[in-house]
Amino acid sequence: MLSGKVLSVVSGKGGVGKSTVAANLAVSLSRQGNAVGLIDFDIYGSSIPSMLNISNGPKSMNNRIIPVESHGIKVMSMGFIVKNNDPVVWRGPMLGKVINHFIDDVIWGPLDYVVIDMPPGTGDVAMDVSRLIPSSHQLLVTTPHPTASHVAERAGKMAANQHNILGIIENMSYFQPPDYDAKYYIFGRGGSEKLATDLGTKIMAQLPLLAPEEDDFEPSIYKKGSLLFDKYEELANNVQDSTA
Ligand SMILES: Nc1ncnc2c1ncn2[C@@H]1O[C@H](COP(=O)(O)OP(=O)(O)OP(=O)(O)O)[C@@H](O)[C@H]1O
Ligand SMILES: [Mg+2]
């Protein structure tokens, strides 16, 4: 069984940074002393294993699964089941089974937070997960452009039916050159403010553009000393305050 507060990272659009946000938020929450699980439900484009450089899948014990431990967090990913990046064409019942399997048959142990990386959109997977984990807090990721936020709004409205929208994370908000105060709003401005007003929620973070320093150990996790490391620490604090 899953224990702990569930945080679902969602958006209406692909490529806005859900997986990056889910992985970095999970790692920051863990660094701040929480027991954290990270579930990657992105069937069609699972990216968490490569982001955390996990090469071995989970082991099983007495028909139950031991999640992979990485960066202090417990990880389960659709990528452990779908091999060689095969495109997945599962639908409905099959999908529901796998989702149940991740929730019921994994030895999670006691957790404070479960971060869920959702696939883009409001399709089957998002609906099934919403149904099976009804008490989750939604974190809506958008880029700053008003059009992007419009798409995120649709996902937010779906979420609002059964879930608590914890807030909005605006990703790729601006570019700030190192050692320089100026901010460049490359993808426009105002999207997250509009979304927050429309959905009656708050902005949890505005995260600048910055690619993580690539290395073999943790290719997508921001390192101490980078601006985004500090931003994710703030976000993790903010999430803890908002879910206390
Ligand atoms: N703040 C940022 N600055 C620079 N690059 C970023 C930022 N956030 C994410 N990226 C990059 O953008 C790309 C897309 O990010 P990511 O895979 O997290 O998005 P996603 O929403 O999960 O995509 P999908 O919908 O395909 O699952 C990745 O290459 C990631 O490294
Ligand atoms: Mg993703």
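Visitor: Where is tyrosine 184 found?
Guide: This is a predicted model, where local features need pLDDT of at least 70, side-chain atom pairs count only at pLDDT 80 or more, and totals for chains, interfaces and linings use all residues. Residues are numbered from 1 along each chain as its sequence is written, chains are lettered from A and ligands numbered from 1 in written order, and side-chain values use heavy atoms, without hydrogens and water. Helices (DSSP runs of H or I, at least four residues) and strands (runs of E, at least two) are numbered from the N terminus. Tyrosine 184 is in the loop between strand 9 and helix 6.

Visitor: Is tyrosine 184 buried, partly exposed or exposed?
Guide: Buried means under 20% relative accessible area and exposed over 50%, with partly exposed in between (1.4 Å probe, protein chains only). Tyrosine 184 has 42% relative accessibility, so it counts as partly exposed.

Visitor: What is the phi of aspartate 179?
Guide: Most residues other than glycine have a negative phi. Aspartate 179, in the loop between strand 9 (164-171) and helix 6 (191-199), has a positive phi, near 55 degrees.

Visitor: How are helix 1 and helix 7 oriented to each other?
Guide: The axes (lines fitted to C-alpha atoms over the stretch in contact, with angles from 0 to 180 degrees between N-to-C directions) of helix 1 (residues 18-31) and helix 7 (residues 227-243) come within 9 Å and cross at roughly 75 degrees. Angles under 35 degrees count as roughly parallel, over 145 as roughly antiparallel, 65 to 115 as roughly perpendicular and the rest as oblique. Helix 1 and helix 7 are therefore roughly perpendicular.
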